[in-house]
Amino acid sequence: MAELICFVAPGAKLYFYTAFDGEADFASGIVKLKDAGCQIIVDDIAYYAEAEYSKGYLTQAVEIVRAAGAVYIGAAGNWQGSAFEVEAAAWKVDSSNGNRRLLTFGTETSLELKIISRTIFALHWDEPSFAYTNGSAAALSDINIFLCTTRTLNAACKAGENKDNNGDATIKGGAAVEFLDLQLKDNPALSSGATYYLFVELVDTKRPLTDVMRIKMRTWAGSVSITQTGTGLNMNAPTLTPHVNSAGALAVGAAAYRLTPGYGTNPAQIEPFSSSGHVADTLLLHTPLLLLLLLLLLLLLLLLLQARWRRVLPPTSSRLAMAPAGTCN
């Protein structure tokens with residue numbers, strides 16, 4: 001990434017901040033980069049727990065630097081087709097599965113999936129999370145997720161974290177998200193593809209059952225396809241990383257060089273793994289031409305603002321959180 005920046009904007013000063021010391025620290029780093037004088041901030045990182053229906057740490061940080069005049073660019077995400085959304089959740093007390101209150105998928109209380117390789121599932125719903133609100137609000141509903149090899153929910157099923165989402169927020173959760181990590185050791189057949197059934201259970205809630213609840217499931221790392229029909233799901237749910245979907249942020253998709261106008265494909269063909277489409281006012285750039293125009297704009301900004309940039313010394317602590325990464329020569 002640094003080499004590309006130097007190619008487009010020779011003479012630019014580069015700064016670096018790690019994104020791998022947690023979501024909150026990553027968000028802090030975004031703001032620190034702006035405070036250090038950076039006018040253009042770029043990342044290609046995502047966290048599973050990033051809030052889908054509220055403003056998480058990273059979204060808040062992006063909005064802060066955007067309001068201060070910085071340009072923010074992020075990767076659109078390499079998960080096209082790996083998300084689905086329920087616009088209005090319908091629950092059913094299923095007598096054949098221990099009278100649990102389960103999310104319905106059409107006429108079924110489970111969703112048939114074909115899964116290849118290790119896959120991480122992240123389920124989000126439209127309630128606040130304790131940490132993101134500085135403790136002023138927390139999840140109202142406790143939701144659990146399971147993967148089973150049949151349509152029967154029992155002890156043999158693979159359970160998610162299934163924490164107490166709406167319990168004691170400071171101890172047991174308070175976040176409107178659940179994870180399930182399905183690994184090869186759970187089922188060696190995953191290497192060639194295995195059929196599973198997804199169950200989503202509403203354990204309890206502090207909101208009326210008549211409320212319209214939105215639920216979104218994203219999957220990471222593996223390959224998941226829904227083999228069940230008549231589910232009523234929104235299968236075109238965006239897979240943009242939430243903070244890159246912030247107002248004013250720029251989301252860049254992926255197109256291989258061999259599938260661009262310069263090599264005979266016009267318009268450029270986006271890679272099948274990259275997110276397609278945008279939400280709200282986030283701009284998603286697909287073609288090299290648009291990307292080139294963006295880079296030229298960034299170069300102009302660099303030239304105009306270069307005189308205002310200042311050098312910042314690294315922190316005095318033993319952990320090197322941020323430091324100038326050099327100057328493009």
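Which backbone oxygen does the side chain of Gln 228 reach? The side chain of Gln 228 reaches the backbone oxygen of Phe 105, at 3.3 Å. This is a predicted model, in which local features need pLDDT of at least 70 and side-chain atom pairs count only at pLDDT 80 or more, while totals for chains, interfaces and linings use all residues. Residues are numbered from 1 along each chain as its sequence is written, and side-chain values use heavy atoms, with hydrogens and water left out.

Gln 228 sits in the loop between strand 14 (223-226) and strand 15 (250-252). Strands (E, at least two residues) and helices (H or I, at least four) are DSSP runs, numbered from the N terminus. With a relative accessible area of 12%, Gln 228 is buried; buried means under 20% relative accessible area, exposed over 50%, and partly exposed in between (1.4 Å probe, protein chains only). The side chains of Gln 228 and Arg 151 are joined by a polar contact of 3.1 Å. A polar contact is a pair of N or O atoms within 3.5 Å; within protein, one must be able to donate a hydrogen and the other to accept it, and residues adjacent in sequence count only if both atoms are side-chain atoms. Neighbours within four places in sequence left aside, the residues in contact (heavy atoms within 4.5 Å) with Gln 228 are Phe 105, Glu 108, Ser 110, Leu 111, Glu 112 and Arg 151.

The next topic is nonpolar packing. A nonpolar core is a set of buried Ala, Val, Leu, Ile, Met, Phe, Trp, Tyr and Cys residues joined through side-chain atoms within 4.5 Å. The largest nonpolar core has 30 residues, of which Trp 91, Ile 115, Leu 147, Val 200 and Ile 215 touch the most other members. Among the strands that each supply at least two residues of this core are strand 7 (111-116), strand 9 (141-148) and strand 12 (194-205). Strand 12 gives the most, with 5 residues. Apart from neighbours within four places in sequence, the contacts of Ile 115 include Phe 121, Leu 147, Leu 182, Tyr 196 and Val 224. A second, separate core of 18 residues includes Phe 26, Leu 33, Ala 61 and Val 65.

Charged pairs come next. The whole structure has 14 salt bridges, each a side-chain nitrogen of Lys or Arg within 4 Å of a carboxyl oxygen of Asp or Glu. One of them joins Arg 100 and Glu 201 at 3.0 Å, N to O. Arg 100 is in strand 6 (residues 100-103) and Glu 201 in strand 12, 101 residues apart. Arg 100 is partly exposed at 28% relative accessible area, whereas Glu 201 is buried at 10%.

Another salt bridge, 2.5 Å from N to O, pairs Asp 181 with Arg 118. Because Asp 181 lies in strand 11 and Arg 118 in the loop between strand 7 and strand 8, this pair ties together parts that are 63 residues apart in sequence. Asp 181 is partly exposed, at 24%, and Arg 118 is partly exposed, at 37%. Asp 126, Glu 127, Arg 207 and Asp 211 are linked in a network of salt bridges.

The structure also holds 1 disulfide, defined as a pair of cysteine sulfur atoms within 2.5 Å. This disulfide joins Cys 148 to Cys 157, with an S to S distance of 2.0 Å. The link is right-handed, with 110° about the S-S bond. Cys 148 is buried at 1% relative accessible area, and Cys 157 is buried at 13%.
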